[in-house]
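Subject: Structure for you to look at

Hello,

Please find the structure below. My notes on it come after.

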Amino acid sequence: MKALLAGLGVAGFGMYKKLRQHEGMDVAVVEPNPAMKEKLGADDTPFYTSLEEALSAEKPDIFVNVTPPHVHTAINNRVFDLGLPVLCEKPIAFDYNESIQIVERSVKERIPFMIAENYRRFPYMRKLKSLLDAGTIGMVSTIDVQFYRYHHTQRNYTVSLLDDIAVHHFDLMRYLTGKEGVRIFARNFNPVGSWSAEPANINLYALLEMEDGIAVSYTGSITSRGEQTEWGGNWRIEGTTGVIEVKNKLLLLFKDGAVTRFEDYSDVVATDTLTEFLDSLREGRESESSGRDYLRTQGLVYSATESSREGRALDIQQHRI
């Protein structure tokens, strides 16, 4: 199998190394910045600065899109013209309508399309999901999520906690509960004293109502100078018969007056996004975080953005395909 990887930034180079590690996988790279070729070192990997030239010369079997989000749509549409399966970095697109268009096309033309959502593939999150599905704490009633990092980063687009990181946490809310969002109130802002002088939205407060009456509170910051959370955040999930807390990748179950620690996740199957994508192609099934599924996560993000802009609670905009 031959893969064409688009984008060789930090995330792109990480994906490049994963592709190279897969047995039987040939890899070619397209990256508009020729200086990025230095990252490949002594590898004899074909390198292109033109997408059209790379597609014509390599005739890949799959396409991996790790380009900046604002060019996702144009690139994915071009690759869809060739009917190639696509593994794309999140988000599908910054524009929600573009996201809908891309997913609708992939479904209509039966082109496998998956978003590389890696947070739901963390071993401790897979374990947490199994505990919730087993009814360990009864029915989930409330969820509190806290995320604090000092993440001073530069992008070639406006930095946003919601688009860059909180989207992962919103996806986890859906993954862990198996429920969809119903209504949201959010405040997306740049706090006084943050590392950004630009109008970047790097703090987020959100109250989310989910199906079955599940209430979720979210507090996130990438300009926090205190104790740093893991990228997956800290979670407190209240159920009708117990509570599970997540902190520093450790799970604590509080039930019947006892506390049980979970920190060995060797019993959980937790493949990475690339493996899931390849497995889904081989098995002829829809991938776990397919474009069709991930569009619902994008619906949460879009509704949170609109709620913050309008300063009021909004019903979740969900476009089901």
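Predicted model: local features only at pLDDT ≥ 70, side-chain atom pairs only at ≥ 80, totals over all residues.

Residues are numbered from 1 along each chain as its sequence is written, and side-chain values use heavy atoms, with hydrogens and water left out.

The whole chain

The chain has eight helices and 15 strands; these are DSSP runs numbered from the N terminus, helices being H or I of at least four residues and strands E of at least two. Its radius of gyration is 20 Å, close to the 20 Å from the globule rule for 321 residues, so the chain is as compact as a globular protein of that length. That radius is taken over C-alpha atoms, and the rule is 2.2 Å times the number of residues to the power 0.38. Along the principal axes, the C-alpha atoms fill a box of roughly 65 × 45 × 40 Å.

Of the 321 residues, 52% count as buried. Buried means under 20% relative accessible area, exposed means over 50%, and partly exposed lies in between (1.4 Å probe, protein chains only). Among contacts (heavy atoms within 4.5 Å) between residues at least 6 apart in sequence, 67% join residues at least 24 apart.

Helix α3

Helix α3 covers residues 72-80, and seven of its nine residues are buried. The buried ones are H72, T73, I75, N76, N77, V79 and F80. Among the elements that cover them are α2 (51-58), β4 (62-65), β5 (86-88), α4 (96-108) and β6 (113-115).

Strand β7

What does strand β7 pair with? Strand β7 (residues 140-148) runs antiparallel to β11 (residues 234-239), with six bridges between them. With β10 (residues 215-221) the pairing is parallel, over seven bridges. Two strands count as paired if DSSP finds at least two bridges between them. T142 stands opposite E238 in β11, and I143 stands opposite V216 in β10.

Residue E209

E209 lies in strand β9 (residues 203-210). Is E209 buried or partly exposed? Its relative accessible area is 44%, so E209 is partly exposed. Leaving aside neighbours within four places in sequence, E209 is in contact with G181, V182, R183 and I214. F185 is 24 residues from E209 in sequence, and their C-alpha atoms are 9.0 Å apart in space.

Regards
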